[in-house]
Amino acid sequence: MAYFLQQTINGLTLGSIYGLIALGYTMVYGIVGMINFAHGEIYMIGAFVSLIAFAVLGLFGITWAPLAIVLVLLIAIVFTGAFGWAVERIAYRPLRGSFHLAPLISAIGMSIFLQNYVQLLQGARLRTLPALVSGGVTLFRENDFEVRISTIQIAIILLAGVLMAALTFLIEHTRLGRSQRACEQDMGMAGMIGINVDRTISLTFVIGAALAAGAGLMVTLYYGSVDFFIGFLAGVKAFTAAVLGGIGSIPGAMLGGILIGLVEAYWGGYVSGAYKDVSVFAVLILVLTVMPTGLLGKPHIQKV
Amino acid sequence: MASGPSLETPARDHKALRNAGLAALLTLVLSIPFIGIRLDDSQGSNGLAFRPQWVAGLVVVVFVARLVLDQTGGLAAWRPRFPTGLKRGLRLEPPVSTILIALVLGLAFAFPLAPFASRYEIGLATSFLIYVMLGWGLNIVVGLAGLLDLGYVAFYAAGAYTFGLLSTHFGIGFWLALPLSGLAAATLGMLLGFPVLRLRGDYLAIVTLGFGEIIRIILLNWSDLTGGPNGISGIGRPSFFGLPFAATAPNGGTTFSKLFGLPFSPLHRLAWLYYVILALALLTLAFTSRLRRLPIGRAWEALREDEIACQALGLNPTVIKLTAFSLGAMLGGLAGCFFAAKQGFISPESFTFSESAIILAIVVLGGMGNQLGVVIAAAVLVGLPELGRSFAEYRMLVFGMAMVLIMIWRPGGLISGRSPSIRADLSRFKATGPEVAP
Amino acid sequence: MSAMIAGGPVLAVRGLSMRFGGILAIDNLDFSAKTGEVTAVIGPNGAGKTTAFNCVTGFYKPTGGEITIGDEAGTLRIDRLPGHKIVSRARIARTFQNIRLFAGMTALENLLVAQHQALSGGGLLQLQGLVGLPAYRAAEQAAVEKAMGWLDRMGLAARANDEAGTLPYGLQRRLEIARAMCLDPRFLCLDEPAAGLNPRESAGLGADLRRLTEEDGIGVLLIEHDMSVVMNVSDKIVVLDYGRKIAEGTPREIRDNPKVIAAYLGEASGEAAARAKPTERPPARALLDIKRLNAGYGKVEVLHDLDLTVNQGEIVTLLGANGAGKSTLLRSLFGKPRPSSGEVMFGGRSIIGLPAHEVARLGIAHAPEGRRIMPKMTVLENLQIGAHLSDPRAFQADADKVFALFPRLAERRKQRAGTMSGGEQQMLAIGRALMQRPSLLLLDEPSLGLAPLVIKLIFDAIRDINETDGITILLVEQNATQALGIADRGYVLQTGRVVHAGPASTLLDMPEIRGAYLEGLGAAT
């Protein structure tokens, strides 16, 4: 029981991170109907920018953890958001109206490019960050087993909650959110109402990138290490989360993220550590083949 | 009205300056994190190296370039012009084409005998041909049938491990293992393909990527069978119709060099490997060209063009996709079997997603469905690193960006012409030409 | 009536219904078709014609009823066959409304794909082909012969080696028919084969269809809006409206059927006619001025040198049969499709080439065909996005105005728009457009699919908007009587050209207006 609880805590932490990345996939899919394959790299860039930002802040003597984390989050959002914007502008916007696989192929190209870009400029080695936040709370003890939630886990779950709440507010109650939903439902009509569709799509990419930046920051804090390749696996897992929740659905992405985090944690804890990635891929294949609309998605009617 | 131009010019200049300024600002933001600041842990903990001059240079270049672009008609006018010959596809008429094909084949066969062909050059040509073969195999799936397969490397791995295991456990030789590897990969293709081929294009791509990764992780972790990360070593080398390439034969038999009375040289084996892959690649070429002219090949292309119309013509999309998927897998398996024989050692490291991405890049850049394009793209990919170390480093960077640009400028690939699978003899019909609507 | 082939197979549809979500697209439909005859299915937009075709050709599984094909040998339930088996088992072939050729393949290749079953011989024949055995070569030769025969017959033989996508539009339509004929069908279902053809090409198509039935003895099922084609080639006509059959008979019977005329032209209620406005108004400044406009989709030119003016404060109505180009004209104002030539001035400013949202900013609002409200948003949210460009401080007042105009919307302000009835959705579409505070309001078929009482409510609102708010209105309608009842002026479009224009009261009395809708009728009476 204690072990189960510990795995649940670990799974929730991971799931929060996946959920944030998944939101980027799901928003972009909802609005332009493409898999932004480069989104995993955007997350990796967010993690790297966070790492660099911590180092730069260190130069200025800002090492008090709460302040440093908030500043780094803002910095990461700005720079990563710029990458998100640029990716859409360069690789996707010129392809609207092209043949149906073109955006995905372009996205794969972009993903390869960004990975190698970071590798070339920052080196292929694993970069580490000295632990910024330590400590934690022991929830309870069962025999020799201690169920702990670390401060950093609390911070991650809280921060993810705040970001998700902020996004929900943005989508539900602001002018931009309404424009996004309008574009998602009927892009042509949205334009005729006076919504600048191109700008709305760009902002969707920026928001997705900002959330990925948040996830990148968290993962930097959680694992304390980053390399240029982390985007691939995290990207596929987050995409799985988005599909599991029902692609296009924002609450679905959050739910899917948490579920994928839990699946991975339980599988790693009970079945086999070596095959925990297989569990996620298996979920991906199973969901896509058996219920492609996901848990909270809407069925797609093929038009003849 | 007369004052129009003088009023307009400053406005336009203003707009151009604004655009250039925005572009420069964006460049500044994008270049600071990775170009401007580099994490430098040479002194232990996270040190930082700053390169402000790079950032400044880039910003200036972008600002000026954007200004110039605005004066010359904007980004839209800035497209590379491709020679018109490429546009229609290289269509050579019989006398020229026959001579050209004969010439290329002759050169390919003579290559290992050339005096400059050392161990290194032959090795390079061999890996080039492996990529060509993989590209042609994947071209069936992506180029002809229009199914984006991001896990092609799984079939390559299946072929390699089939031979690796057959060789180390049962001592089965290359030539017997070759068809078995192809069969194993094709079977795997069938098994994987059956449940997923109903999916829409982009979902299919992600699912195949998932399969590719699952196979790799299994290879990595099922140590009892696959040797885990250590892989399988000591895989049998292909013999020359039963004759080994060695200084002395193990059980006192004849060796290749003895039979032909040549002094033993390790080059013989390399040259033989080269001929084997050349033959396999040519076989693949013949096989795929033939398939394209058969009903199944036309059905693949029709499916790529319009799946709903195919259904209305009574074609069963699932069956047709499955044949493309498994035949592509089979060719990947054959290439994998050869790869294992060439290396003598295989490990999961050779079968990562990057490898799938490289093969896909070859197909996409060369021109989906175009066989000559694949050859050129594979030559660039294998040849680029030879131009220098820095080219090797930038190879994938360039390939990634090239995939984006090719989708924007020439979605059909560098060589995008398609030659019909069959031509009608129109001599009978010339007289009764149709009434063409004005 | 053409000669009936005794005992030929009969395609029978009995009690067919098809439901999408909450919408009943087809309701208890019965009809039958014989080989050797042309059976036309006609009806206003949204009547369920294409849905019925999709059921017959296996693309949709009907929610109820049965579809059979039967001859002396027995009957076969089509609706129980998997989609790709319809061709081989029931031998029903089809074409598509928006041509579905394999555009990158040659004309000949297109026809060979259609002969896939015969040529692959269960795979064995292909295996022989792979190694180059003569059996396959002979089969291929035969297939090519057959294909060339059909190409020749459709006047396409000289273009056999051309890529299908590069053929002129009219030839693409013919190629699609040739491809379907390579399947040796007993029934051929054609979905608007004359759409986008010029009158000469349409006449040629009519002759081809007669030949297919009379010489080849197949049965043709035809959906078509071009009444000249329908009236000239059909043996039997089935008329649908709201998913139900409202009439069936020979062209002559259909022509005189009052129900059919009403379905197309709207009820000629005396009240509407009496309320027609005085024809003359003081000359006003042109708000929208269109000159020599040409526009179309890809290769299909829909609008030809079209001239049209809407003056400040007017209601102008645009009439014409389906496919005349009315909706295309409205959409082209927003650049979709982008006009290929001509001039569009709005408020003295050219709007050609502007992105849609800029056009909206200038003061044109569109309540389009099919309403296109945002189904997942509430009524209030739909009004909010309508007010996207307006001053947020004015929102409450504007919304109250809309609610005053359509009290039904006020009751449902928190309801998801997609769950409302068609009439309420139409009100919302108009309300949303009003939230844009437009100077010109475009309305595309606001009466489509609505009950007479709701139609009256909506038309009263339109008149109200025009009179109290002074908003200029360009109204596209099929319901000509109703539209002319409230309009100042009208234009009648036929195949993308203006054929009549004038004050509404004048148009109301012109017998030719009826001709523009039911062209074949007009010509015959």
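A polar contact is a pair of N or O atoms within 3.5 Å, where within protein one must be able to donate a hydrogen and the other to accept it. Keep that in mind for the views below, which all come from a predicted model.

**View 1. Polar contacts where chain A meets chain B.** Across this interface there are eight residue pairs in polar contact, both partners being at pLDDT 80 or more. Salt bridges are absent here: the count between chain A and chain B is zero.

**View 2. The elements of chain A that face chain B.**

**View 3. The extent of the chain A and chain B interface.** Here 64 residues of chain A are in contact with 56 residues of chain B. Together the two chains bury about 5500 Å², and carbon and sulfur atoms give 79% of that area. Zoom in on I105(A), L120(A) and L121(A): in chain A these lose the most area to chain B, and together they make up 11% of what that side buries.

**View 4. The extent of the chain A and chain C interface.** Moving on to the other partner, we find 21 residues from chain A and 27 residues from chain C in the contact. The area buried between chain A and chain C is about 2300 Å², with 59% of it on carbon and sulfur atoms.

**View 5. A salt bridge between D186(A) and R372(C).** The closest N and O atoms of this pair lie 2.7 Å apart. How many salt bridges cross the interface of chain A and chain C? The rule finds three. Residue pairs in polar contact between these chains, both at pLDDT 80 or more, number eight.

**View 6. The elements of chain A that face chain C.** Two helices of chain A, α6 (175–185) and α7 (187–193), are the elements giving two or more residues to the side that touches chain C. Of the elements, α6(A) gives the most, with seven residues. Sorted by class, this side of chain A holds eight nonpolar, six polar and seven charged residues.

Notes. Residues are numbered from 1 along each chain as its sequence is written. Chains are lettered from A and ligands numbered from 1 in the order in which they are written. This is a predicted model: local features need pLDDT of at least 70, side-chain atom pairs count only at pLDDT 80 or more; totals for chains, interfaces and linings use all residues. Side-chain values use heavy atoms; hydrogens and water are left out. Contact means heavy atoms within 4.5 Å. Buried area is the accessible area (1.4 Å probe) that two parts lose on being put together, summed over both. A salt bridge is a side-chain nitrogen of Lys or Arg within 4 Å of a carboxyl oxygen of Asp or Glu. A polar contact is a pair of N or O atoms within 3.5 Å; within protein, one must be able to donate a hydrogen and the other to accept it, and residues adjacent in sequence count only if both atoms are side-chain atoms. Helices (H or I, at least four residues) and strands (E, at least two) are DSSP runs, numbered from the N terminus. Ala, Val, Leu, Ile, Met, Phe, Trp, Tyr, Cys and Pro count as nonpolar, Asp, Glu, Lys and Arg as charged, and the others, Gly among them, as polar.
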